[in-house]
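Please look over the model shown here.

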Amino acid sequence: MKHQPIPRLEVSHLVRDFQGQRVVDDVSIRVMPGQVTCLLGPSGCGKSTTLRIIAGVDRQDSGTLTVDGEVVSSDDIHLPPEARSVGLMFQDFALFPHLCVADNVGFGLSGSRKEKRARAHELLDRVGLLGDAGKFPHQLSGGEQQRVALARAIAPRPRVMLMDEPFSGLDNRLRDGIRDETLEVLKDEGTAVLLVTHEPEEAMRMADNIALMRGGKIVQQGAPYNVYNSPVDKAAAAFFSDIN
Ligand code: ADP
Ligand code: MG
């Protein structure tokens with residue numbers, strides 16, 4: 001008998017209320033290793049709250065989270081963020097201004113100084129910035145800083161990477177290159193990615209799967225092509241209609 005593959009990340013029936021309002025309403029999502037799922041929806045629909053719960057910086061009212069089949073959060077279990085093997089990257093993820101690029105990348109790692117340096121250099125090489133290892137963040141462009149932030153997020157080898165609109169601060173010219181590069185690096189590492197965006201075009205470009213969210217609920221899930229071509233309702237069709 002063939003095994004069912006275990007999802008790298010499984011979100012089951014997540015619920016979160018704020019002041020009596022249901023902001024996350026029975027959200028279930030699976031992400032397989034090396035796959036990118038985009039959590040796509042308009043501003044205010046509950047995307048960031050969902051991500052913060054998965055990261056462990058907020059807690060659900062009910063629902064279960066597993067990483068590689070191990071429960072990291074449920075009614076009874078609540079592992080702290082650092083015990084979940086889940087990385088978090090968002091738009092304003094600031095680098096430490098007083099640390100050089102290599103030390104920024106090595107900052108959260110365990111091991112000897114030499115080991116941390118080696119891993120930092122490996123990742124800086126991967127994002128094309130090895131030559132800038134000794135520079136300080138202010139000496140880099142916005143796009144370069146973003147690549148350092150990516151290297152830093154990946155350095156501890158998280159099994160899951162959560163990204164909250166990480167590209168929205170970049171200008172259009174830079175964005176495409178950095179998106180592609182980010183995906184390539186994460187796929188190489190076999191990381192499961194849950195990427196939050198409010199831009200259908202970004203989801204179409206980056207996702208293996210799209211989970212379309214509205215008013216706290218996942219209203220449709222599937223391959224980008226299917227979600228785009230067979231929207232579940234008029235509102236979903238309208239949401240995608242500004243792509244050309
Ligand atoms: P998105 O990321 O999709 O824009 P959010 O998850 O940030 O949406 O927010 C969803 C809803 O939850 C919004 O109405 C927001 O005002 C509300 N919300 C988010 N965080 C809190 C909080 N800590 N306390 C109260 N309401 C919150
Ligand atoms: Mg948000």
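What follows covers confidence, then the ligand shell, then the helix packing.

This is a predicted model, in which local features need pLDDT of at least 70 and side-chain atom pairs count only at pLDDT 80 or more, while totals for chains, interfaces and linings use all residues. Residues are numbered from 1 along each chain as its sequence is written, and chains are lettered from A and ligands numbered from 1 in the order in which they are written. The chain has an average pLDDT (the predictor's confidence in each residue, from 0 to 100) of 92, and 98% of the residues score at least 70. The ipTM is 0.97 and the pTM 0.91.

Around ligand 1 lie Phe-18, Val-23, Gly-41, Ser-43, Gly-44, Cys-45, Gly-46, Lys-47, Ser-48 and Thr-49; a residue is near the ligand if its C-beta atom, placed from the backbone, lies within 6 Å of it. Helix H1 (residues 47–55) gives the largest share of this shell, three residues. Helices are DSSP runs (H or I, at least four residues), numbered from the N terminus. By class, the shell has three nonpolar, six polar and one charged residue. Ala, Val, Leu, Ile, Met, Phe, Trp, Tyr, Cys and Pro count as nonpolar, Asp, Glu, Lys and Arg as charged, and the others, Gly among them, as polar.

Helix H4 (residues 142–154) packs on helix H5 (residues 172–188) at about 15 degrees, with the axes 11 Å apart; axes are lines fitted to C-alpha atoms over the stretch in contact, and angles run from 0 to 180 degrees between N-to-C directions. H4 is therefore roughly parallel to H5, a term for angles under 35 degrees. In this contact, Gly-143, Gln-146, Arg-147, Leu-150 and Ile-154 of H4 meet Leu-174, Ile-178, Thr-182 and Val-185 of H5, with C-beta atoms, placed from the backbone, within 7 Å. These residues comprise five nonpolar, three polar and one charged.

Definitions and conventions. Helix = DSSP H or I, 4+ residues; strand = E, 2+ residues; numbered from the N terminus. Parallel < 35°, antiparallel > 145°, perpendicular 65-115°, else oblique. Contact = placed C-beta atoms within 7 Å.
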